[in-house]
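Let's take a walk through a protein model together. Keep the picture open beside you and follow along as we go.

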Amino acid sequence: MAGLGERPNPPGDYPVVVVGSGPGGLQASYSLSRLGVEHAVISQDDSPGGMFRLFPIYERLLSWTKLETPCPVDSREYEWYDHNSLIADEPEQRGVMRDFMSRTFMVPSREDMEGGLAAFAERTGLQVRYGCTWESTRREDDGSLVLTTTDGEYRCRAAVFALGVTTAWKSPIPGIEEVPHYAQASRDREAYRGKRVFIVGKRNSAFELADGLEEWASKIVLASPRPVAVLSSVRARYLQPYEDWTLGGGTVVLDAAIERVERRSGGFHIVAEGTTRPGRLELEADEVIAATGFTTPLRDLGKLGVQTVSQGRIPALTNFWESEKGSGIFFAGNASQGAAGLRKHGVGSSSPAVHGFRYNARVMARRLAETHLGVRAPRERVKRGELVSFLLQELTSAPELWAQKSYLARVVWGSGETDILPLADWLDRPRPDCVAVAVEENAAGEIYPAVYVASGGAVTEHLLDPQPLHDFRGAEYQRRLTELL
Amino acid sequence: MSNGDEIVNSLRGLALFSGLGQPELEQIADPEWERRFPAGERVLRRGLSGSGFYVILDGEAAVRIDENELSRLRRGDFFGEVSTLLGAAPTADIVAESPLHCLEVPGPDLEKFLLAHPRVMLEVLKTEARRLQDALAWRG
């Protein structure tokens, strides 16, 4: 396996240091490599995979890799159908996860995902220094960053932190210190046989536990103050317990603020106050598990000006995933959700998931190379006569635009050069006359193309009609776009 | 760095959320709704569809049309409710004038949010009435 035992990237000076060997760190390293940017990847782990070395605890992921698709499996379009592989420029490196899928299920297991990430690192030649733990950070007078690690000091002009959002976090509920976090729940489900299990939380990790314990626990109750956000904060993969609740099958899903958890002989006593439906609730349980989420292990980055959102758990980032413009402190992976984007109609980015953040990492690497290292990233060019058909093809099949709705946009500049950029950034900075397109979704769940035309310094938004088959290449779309351009 | 309690405490100090109990504040303090904007960044964009409702927890923002500043918003002020409730694009930009810390209620959730928290709706209504009164006084 690439890097194991060889210990590449010794301490020293590098243009860029990447911290982490999960999917975010590997994607960032791959993208920097293909731009010719020298960098060192360090990781506290002893093998690639990041969070997928450990989670989800009951092994099944929630995102698909499809084996049969209408497009060639080594094409860029195939990424649409494969939400788990990291993205590569070389056709032969695309869709690595295919090699780990059986036809028993379209969603890989945790172990398969870990294997796919290791295979990507090996096949693309990524060099990671494993067993090297980043401990602290400082900025020198000349603006460079110094990362102190267990192996020594790394000095760089920019650092990419791909730390995962993987440190257990518990909401501040009296008594919650008495109960295990999701990460500490027993992987042996036998331990919950016949027990009443109370799960604090109602997002993916909480429902993953509930889904995994339905065959074992005698009673499952999930509770948190806010209602379940079906298909946004809980994906279909784990919705079985929710269906159980809505059909009256015995599992209970409560909207309640938990006042305290008390340990009593042989179990727990939970006191809560209903929110959506007010009223006091008192429950008994044999086991309580806090599925209250994770936080980014930012260590001392707060001292270098890194701010946070989401109750201190996620770094607040610029549209290019930097802690602040020019800081040289970038983030990749799950924490890239700290750049919220426009959230039009409340639709969030897919940045917490591999199929979203893999594109962020590529765009981030190009930005980092251009703004901090003076490396000009290559750009394709669109011929003037082909602009309309190019944009409609992108709107119909570009995986970046479909994975990151109203977040990443296809931009074509007046010169014909083209970029994938964060839409929020493109909208807000001075730009010459040009065009950007994005795939967007409204509150009714309709998906449609959005065209942004920049002219004379101002931008106008034009929303085209949805199309039932999501194919925007037809005559009416050609006519409309030609008119706009 | 903040935690859940800090957002709840911040909300508790605002007139908009006065009189709400702990469970209701905990429900409102959705971590997914917390936003930070660096100085100079636009929060609402004139002419762009799909925006939300924002309550300022800390910092200052300006209401701008082109280069003209129409008014200044501070902790406790809110914006975006008119465009969200009417389903129209904002008629002005809202720009962070300092690092801005906000709670955003996404557009599609606002109506449900106001119906679920009638005390908050009443405070919004009072503010709208004051804004209308000011506008009429200015005209007169």
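Start with helix H6 of chain A: its buried residues pack against helix H7 (399-403), S18, S20, S21 and helix H9 (475-484) of chain A. Which residues of H6 (residues 387-397) are buried? They are A:Leu391, A:Leu392, A:Glu394, A:Leu395 and A:Thr396. One thing to keep in mind throughout: this is a predicted model.

Strand S20 (residues 434-441) of chain A has 6 of its 8 residues buried, so it is largely enclosed by the rest of the structure. Strand S18 (residues 408-412) of chain A runs antiparallel to S20(A), and 3 bridges join the two. To find that pairing on screen, look for A:Val411, which stands opposite A:Ala436 in S20(A). S20(A) also pairs with strand S21 (residues 447-455) of chain A, again in the antiparallel sense, over 8 bridges. Here A:Val439 has A:Pro449 in S21(A) as its bridge partner. S20(A) and S21(A) form a hairpin with 5 residues between the strands, and in it A:Gly445 takes a positive phi near 85°.

Time to zoom out. Chain A is assigned three pieces: domain 1 (12-166 + 295-372), domain 2 (176-292) and domain 3 (384-484). The centres of domain 1 and domain 3 of chain A are 26 Å apart, taken over C-alpha atoms. Where those two domains of chain A touch, domain 1 brings 19 residues to the contact and domain 3 brings 20. On the domain 1 side, you'd find 7 nonpolar, 8 polar and 4 charged residues.

What about the inside? In soluble globular proteins, nonpolar side chains tend to be buried together. In this model, the largest nonpolar core has 103 residues, and those touching the most other members are A:Val16, A:Val17, A:Ala159, A:Phe330, A:Ala332, A:Met364 and A:Leu423. Helix H5 (residues 354-372) of chain A gives the largest share of this core, 9 residues. Both domain 1 and domain 3 of chain A give residues to this core, so it lies between them.

Next, over to chain B. Four of its strands make an open, antiparallel sheet in the order S2-S7-S4-S5. Why is one side of strand S2 (42-44) and of strand S5 (68-73) of chain B left without a neighbour in the sheet? Both stand at the edges, each with a single partner strand, so one side of each has no neighbour there. On average, neighbouring strands of this sheet are turned by 35° against each other, direction ignored. Within the sheet, strand S4 (residues 61-65) and strand S7 (residues 93-96) of chain B pair over 4 bridges, in the antiparallel sense.

Finally, how do the chains meet? In this contact, 30 residues of chain B touch 29 residues of chain A. On the chain B side, helix H1 (4-12), helix H2 (22-28), strand S1 (34-37) and helix H4 (107-116) each supply at least two residues. H2(B) gives the most, with 5 residues. By class, that side of chain B has 8 nonpolar, 10 polar and 12 charged residues.

Terms used
Residues numbered from 1 in each chain as written. Chains lettered and ligands numbered in written order. Predicted model: local features only at pLDDT ≥ 70, side-chain atom pairs only at ≥ 80, totals over all residues. Domains from an automatic or database assignment. Contact = placed C-beta atoms within 7 Å. Nonpolar A, V, L, I, M, F, W, Y, C, P; charged D, E, K, R; others polar. Pairing = 2+ DSSP bridges. Axes fitted to C-alpha atoms, helices over the stretch in contact; angles between N-to-C directions. Buried ≥ 20, exposed ≤ 12 C-beta atoms within 10 Å, placed from the backbone. Core = buried A, V, L, I, M, F, W, Y, C linked by C-beta atoms within 7 Å.
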